[in-house]
Amino acid sequence: MVHFTFHTGTGKILLYETQSIRRRILVPVSIVFFFLLFLFVSSLYWLQQSHIKKDVVKQANVVQQLFSASLSHEALFMASLLQSYGENKELRRAFLAKNRDRLVHVYEKTLPTLRKSVDISHFAFLEQDGRVFLRAHLPEKYGDYPYHFDVTHQQIQPGKFYSGAVVGPTGTLLQRVIYPWYLDNILIGFLGHAKGIGKIAADLKKILNADLVFVSNKSALNKEQLQARKEKTGISANNSQFSDFFLLDSTFQSVPEKLFENLGHLLQNNEDGIFRISAGKEKFACSITQLTNPNNSYIADVVLFHNITEDEKNLNTLTLILTFLSFCLGLLLFLFFYRYTGIIQQRLTVTHSKLQEKIEEHKNTEDALKLMNDTLEEKISERTFSLQEANKKLRASSERFQTVMDSLDALVYVADMKTYEILFINNYGLQKWGDITGKVCWQTLQEGKKAPCEFCTNSLLVDKDGKVRPTYIWEHQNSVTGDWFECHDQAIHWPDGRLVRLQIATNITVRKKAEEEKIALQNQLLQAQKMETMGRFTGGIAHDFNNILTSIIGFSELLLLKIPHENAFRRDIGNICEAGKKAASLVRQLLAFSRKQVMDMEVVNLNNILANMAQILNRVIGDNISLEFRPCPDKANIKADTSQIEQIIMNLAVNARDAMPHGGTLIFETGNILLDEEYATKHAGVTPGNYIFLQATDTGQGIPKEMQEKIFEPFFTTKKHKGTGLGLATVYGIIKQHKGSIFLDSQPGSGSVFKIYFPETKQQPLAEKKRQPLSMPEGNETILVVEDNKLVCNMISQTLRPLGYTILIASSGKEVFAMDSSQTASIDLLLSDVILPEMNGPEVAEKLQVIHPGLKVIFMSGYADDVILRQGIFESNMTFISKPLRPATLARKIRHVLDEGKKRQQSEAG
């Protein structure tokens, strides 16, 4: 609410203000001006005094330095003179003879010259103990003056002299030099020079343009010295005595009486530092400096008198001039302000009259405004109420919006599309990155960025005409948190009108991991399906090959049994037989890879198999590779075909050897492990349960990641032109046929680790089988052979008939049951192929055993098809023989089955 009010009293106040304006302006300005003038003059005076004080201090220091330097210089000069006198033979003889007259005679011509040229006023000859023998400058006393010099031991060394300033017997300030006098390194006495220091003081006065006064402490003088000094100076006792001090000398030509009165007062009060003395019209700035000898012995006090009469006079003159000028300036300023304020006062008076008129107008307007004000108050109250209600609704809406934003399990933030400044971030973002509002998005939301992100979507959200494009959806892994996000980016208008980027990013890390695991499982499944397809293909080929190889190997061995050793064709037939065996070995590899091989399964200990192969493995891998076995302490029993497990170990050892051409280490390790549901979920083909693992670790070159997915495929090799590509494929097939799994972990340059898992069995291994004799046993039983391959039938017939057996041959089950019952009545054993046209071997056997209970059955096949597994041939311990058939093996198997059957019948009958 706004009120407009005018009062008539305002005009009276304004009139009073216009009348007192001069007083309110001029008085403070004048006070300030004169205060500044006082400060200026005071500062000028203080600066002048400081300058004088610095000059006096500087001169005092110069006095002490120059005085000491002059004493040293004069001492050297006087010592050199004494040294030359000491070399005078005539003086030396006179001194040794103690002839005073002769000494005075020799020296009396020299002393006037010394006094005139170098101011030396004293010369004395001293005894060895320091007592004066002769004062040559006062020959009338012939040295009988009772004066004695104290000479220390250090001062009586050849070439050294003693120098110092002293107060003489007559109270004169002297510089004295004592020189030791030697003859043939024997001290015979001393020579002494002395001169007044007045010349030094006069020189200092010229240099410094200041006077010096020398005073001494009375305790350093005796009565004779004091009396002599009084008589010499002619100064009254009152002026020459300053309590404990006595005037020795000065550079003043005429000593002002007033000056010494003030000096005596200062000395009695022990004044220190810089002080001022007045003597009539003259004024001095003084300082007291103590003079000492080089050995720090007290000489006297010197008072430096710096005449500041002219400086004081100049300072006072300058102060008066500046004060006068400042006063004139102040008067001019006063007149100016006086005139200017008069003009202002006149204008204010006119303005006052006009203002009175306007006040009357405003008074009339005030009544109208008061009425409008009441109406405005009512409208403002109504508007305020409306705004309060709207504010409540807005606050509620804002709270709902904030609640929704804070509850979102996704990142929501807004960033300027030009400056990249973050303008808003929700609670999810605050928990992840903290409050980063106002900061640059690519510096805070990402890591290690020195410029805007190369994947920034700003350019994708707006077209070249500035129109907003539809929402852009993309996926990205954050470099700070490592999480995957599905981002929905859109350009929107901020309240201030600028275009900004709104991003809603949902965390899809869990989904990504699930997709990755799904892809991995699909790859494993595709790999298994591919291997299964290739297995079926190779299994079918192997079946036909085994039939052909049965004929080749069988007829070759039969011929070898019939042909004498000396026959020339025996070698060729032997070569045919060996070629057949090698082809059979290749077929066995194909069957192992395709998991169609018939195996002799039994309970074996994996540790024992490894131990038995130690010697042959060492020969295979060579001396430059270290072989280590790390068997587990527990029983490692599995159900397996021993020869196939040995083939697995041999293949792994050969691959490790080829991966370590320069040597290394190969480690075989066994152990027990439980593979749980989680492990089985992540690894296709694995069933949860207890397993025995066989791990082969080498320190070789490793396998690149891009090759690891194909490592178990047939005909794929990492050995370029050296490998066949069947080694690891065979290993894979054997392991799968044993219901196991194999996994590879390898890094290039860090070696490889093959880990194989076999299902654990609680059964114990059986005793080792005895080797059967290599002979072909004979018999007289009737054998029914069911085989659809005529060559195989002929080979079986030519093998068994010479041994005494009666052979009946049929090519299918239908042909068997079409035979005359008289022929089949005496059948002792059925030798049947598993896979037959129209009716398979197990079905034929089952029907014949109904007709002939106790009929012995031997199945034969080139591969283990699903039909064999479904019939349960292996699980029911039915007799089985693998193709290709060899005559001796077939004969022994038939004899064994028939003999076992007779033993069983006899035991049952008994």
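Buried means under 20% relative accessible area, exposed means over 50%, and partly exposed lies in between (1.4 Å probe, protein chains only). With that in hand, Lys902 counts as partly exposed because its relative accessible area is 40%. This is a predicted model, in which local features need pLDDT of at least 70 and side-chain atom pairs count only at pLDDT 80 or more, while totals for chains, interfaces and linings use all residues. Residues are numbered from 1 along each chain as its sequence is written, and side-chain values use heavy atoms, with hydrogens and water left out.

**Salt bridges**

- A salt bridge here is a side-chain nitrogen of Lys or Arg within 4 Å of a carboxyl oxygen of Asp or Glu, and the whole structure holds 19 of them.
- Lys902 pairs with Glu781, with 2.9 Å between the closest N and O atoms.
- That pair links distant parts of the chain, 121 residues apart: Glu781 sits in the loop between strand 23 (752-759) and strand 24 (782-786), and Lys902 in helix 27 (residues 887-909).
- Helices (H or I, at least four residues) and strands (E, at least two) are DSSP runs, numbered from the N terminus.
- Glu781 counts as buried because its relative accessibility is 6%.
- Asp833 and Lys883 also meet through their side chains in a salt bridge (3.1 Å, N to O).
- Here Asp833 belongs to strand 26 (residues 829-833) and Lys883 to the loop between strand 28 (879-882) and helix 27, 50 residues apart.
- Both partners are buried, with relative accessible areas of 0% for Asp833 and 5% for Lys883.
- Glu90 and Arg102 form another salt bridge, their closest N and O atoms being 1.9 Å apart.
- Glu90 lies in helix 3 (residues 89-96) and Arg102 in helix 4 (residues 100-107), 12 residues apart.
- Glu90 is partly exposed at 30%, and Arg102 is partly exposed at 33%.

**Backbone features**

- Most residues other than glycine have a negative phi, and most peptide bonds are trans.
- Lys883 is joined to Pro884 by a cis peptide bond, with omega about 5 degrees.
- Asp184, in the loop between strand 4 (173-183) and strand 5 (186-196), has a positive phi near 55 degrees.
- Asp184 counts as exposed because its relative accessibility is 67%.
- Tyr420, in the loop between strand 12 and strand 13 (422-425), has a positive phi of about 65 degrees.

**Nonpolar surface patch**

- Phe34, Phe327, Leu331, Leu332, Phe334, Leu335 and Tyr338 form a nonpolar patch with about 690 Å² of accessible area together, by the Shrake-Rupley method with a 1.4 Å probe.
- Patch residues have over 30% relative accessible area and no salt bridge, and nonpolar side chains (Val, Leu, Ile, Met, Phe, Trp, Tyr) are joined within 5 Å.
- Helix 10 (residues 309-407) gives the largest share, six residues.

Methods: Patches are made of residues with over 30% relative accessible area and no salt bridge: like charges are joined within 9 Å, nonpolar side chains (Val, Leu, Ile, Met, Phe, Trp, Tyr) within 5 Å.
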